[in-house]
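Welcome, and thanks for taking a look at this structure with us.

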Amino acid sequence: MKRSDILHKAEQCVCGQREQDYGSPENNFQVIADFWTVYKGVKFTATDVAMMMALLKVARIRSGTGTEDSFVDLAGYAACGGEIATEILAQCACEAANSIH
């Protein structure tokens, strides 16, 4: 499987039917983060969820049980985590700029 195929398939997953089935990754990951926070007593964010799920895929790949889909999922989690993190940074920068004025 070529890298462009992996990225294209990941895009189809995170921007297509999965989003329709499960809702936006931002909302879904935040719900998971809230559950993990209660369960562990440690604050988790939606970005943490994306990175932990990516690490799950890395562990599967490393253990030899990963499949092509593991690489697709890893790319998808990285993309979702990157979008969530950069949106949060942009929102914080916007709020900081507004508080100065």
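Predicted model: local features only at pLDDT ≥ 70, side-chain atom pairs only at ≥ 80, totals over all residues.

A residue counts as buried when its relative accessible area is under 20%, as exposed when that area is over 50%, and as partly exposed in between.

**Overall layout**

- The protein chain contains 5 helices and 0 strands.
- Reading from the N terminus, its elements follow the order α-α-α-α-α.
- Among contacts in the protein chain with a separation of 6 or more, 49% are between residues 24 or more positions apart.

**Salt bridges**

- How many salt bridges does a search of the whole structure find? The search finds 2.

- Lys 9 and Asp 69 form a salt bridge, with 3.5 Å between their closest N and O atoms.
- Because Lys 9 belongs to helix α1 (residues 3–15) and Asp 69 to helix α5 (residues 68–100), this pair ties together parts that are 60 residues apart in sequence.
- Lys 9 has a relative accessible area of 32%, so this residue is partly exposed.
- Asp 69 is partly exposed too, with a relative accessible area of 40%.

**The pair Lys 57 and Asp 73**

- A salt bridge also joins the side chains of Lys 57 and Asp 73, at 3.0 Å from N to O.
- This pair links distant parts of the chain, with Lys 57 in helix α4 (residues 46–63) and Asp 73 in helix α5, 16 residues apart.
- Is Lys 57 buried or exposed? Its relative accessibility is 8%, so Lys 57 counts as buried.
- Asp 73 counts as buried because its relative accessibility is 15%, and the cut-off for buried is under 20%.

- Which residues make the nonpolar surface patch? Met 52, Leu 55 and Val 58 do, and the patch covers about 260 Å².
- Val 58 sits in helix α4, the helix that also holds Lys 57.
- Val 58 has a relative accessibility of 38%, so this residue counts as partly exposed, whereas Lys 57 counts as buried.

Technical notes
Residues numbered from 1 in each chain as written. Heavy atoms only, no water. Salt bridge = Lys/Arg side-chain N within 4 Å of Asp/Glu carboxyl O. Helix = DSSP H or I, 4+ residues; strand = E, 2+ residues; numbered from the N terminus. Buried < 20%, exposed > 50% of the residue type's maximum accessible area, 1.4 Å probe, protein only. Patch = residues over 30% accessible without salt bridge, like charges linked within 9 Å, V, L, I, M, F, W, Y side chains within 5 Å. Areas by Shrake-Rupley, 256 points an atom, 1.4 Å probe, with all protein chains shown as cover. Contact = heavy atoms within 4.5 Å.
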